[in-house]
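Subject: Structure handover

Hi,

Here is the structure I promised to pass on. Please open it and keep it beside you while you read my notes.

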Amino acid sequence: MASTVLLAREAIFGEGIANAFDLRMVAPDQTVEQAESGIRDHARSLLQVKALLESESWSEAQKTLRTSSSYLKQDIYTLIQIKPASERSQLRELYSDLFNNVTKLDYATRDKDESRVWQCYENIVVALDGILSTI
């Protein structure tokens, strides 16, 4: 009976099975340099949504926004976890500002609210500038 429980536990929580459903936000083997490089690349991708917003390609803007922001979110979160505790507070605040505005921009594009779209986009630019200057 005990061996059956141990085998079942290993099957459920074993390393091989768990890796298939690894839902952590932190990339496991990512270095600080890789995270910072990823942040710069994904920030550029996120800012490229501006052309789609200008052409009022709302659904394409949403798709691009969602894709680039998800990768950026992972890289910034990885960097926050790696940084010393004294530097985390400021990065967390910028992270929160950035992704709150990404969400608001997503809703604004869905609603085709141009004034809110540009307000959120500008807030994203400010938050990204803060993050890039911090790293």
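Start with a pair in helix α3: D41 and R44 are 3 residues apart there, so about one helical turn separates them. Helices here are DSSP runs (H or I, at least four residues), and strands are runs of E with at least two; both are numbered from the N terminus. D41 and R44 form a salt bridge, with their closest N and O atoms 3.1 Å apart. That term needs a side-chain nitrogen of Lys or Arg within 4 Å of a carboxyl oxygen of Asp or Glu. D41 is partly exposed, because its relative accessibility is 37%. The cut-offs: buried is under 20% relative accessible area, exposed is over 50%, and partly exposed is in between (1.4 Å probe, protein chains only).

A word on the source. This is a predicted model, in which local features need pLDDT of at least 70 and side-chain atom pairs count only at pLDDT 80 or more, while totals for chains, interfaces and linings use all residues. Residues are numbered from 1 along each chain as its sequence is written, and side-chain values use heavy atoms, leaving out hydrogens and water.

K83 is buried, because its relative accessibility is 14%. E36 is buried too, at 15%.

Another bridge links D113 and R116 (3.4 Å, N to O). D113 is partly exposed at 27%. R116 is partly exposed at 29%. Shared partners join R110, D111, D113 and R116 into one network of salt bridges.

D75 lies in helix α5. Leaving aside neighbours within four places in sequence, D75 is in contact (heavy atoms within 4.5 Å) with Q30, A35, G38, I39 and H42.

L79 is also in α5, which spans residues 58–82. L79 is buried, because its relative accessibility is 1%. Not counting residues up to four places away, L79 touches V32, A35, E36, I39 and I135. The C-alpha atoms of L79 and V32 are 6.3 Å apart, though the two are 47 residues apart along the chain.

The core

A nonpolar core is a set of buried Ala, Val, Leu, Ile, Met, Phe, Trp, Tyr and Cys residues joined through side-chain atoms within 4.5 Å. The largest one has 29 residues, and L46, L53, L72, I76 and L98 have the most contacts inside it. The elements giving it two or more residues are α3 (32–47), α4 (49–54), α5, α6 (85–111) and α7 (114–134). Its largest share, 8 residues, comes from α6. L46 is in contact with L72 and L98, among others beyond four places in sequence.

Helix packing

How do α5 and α6 pack? Their angle is about 170 degrees, and their axes are 10 Å apart. Axes are lines fitted to C-alpha atoms, for helices over the stretch in contact, and angles run from 0 to 180 degrees between N-to-C directions. The two helices are therefore roughly antiparallel, a label for angles over 145 degrees. Among the residues making the contact are L65, L72 and I76 of α5 and L91, L98 and V102 of α6.

Best wishes

Key: Parallel < 35°, antiparallel > 145°, perpendicular 65-115°, else oblique.
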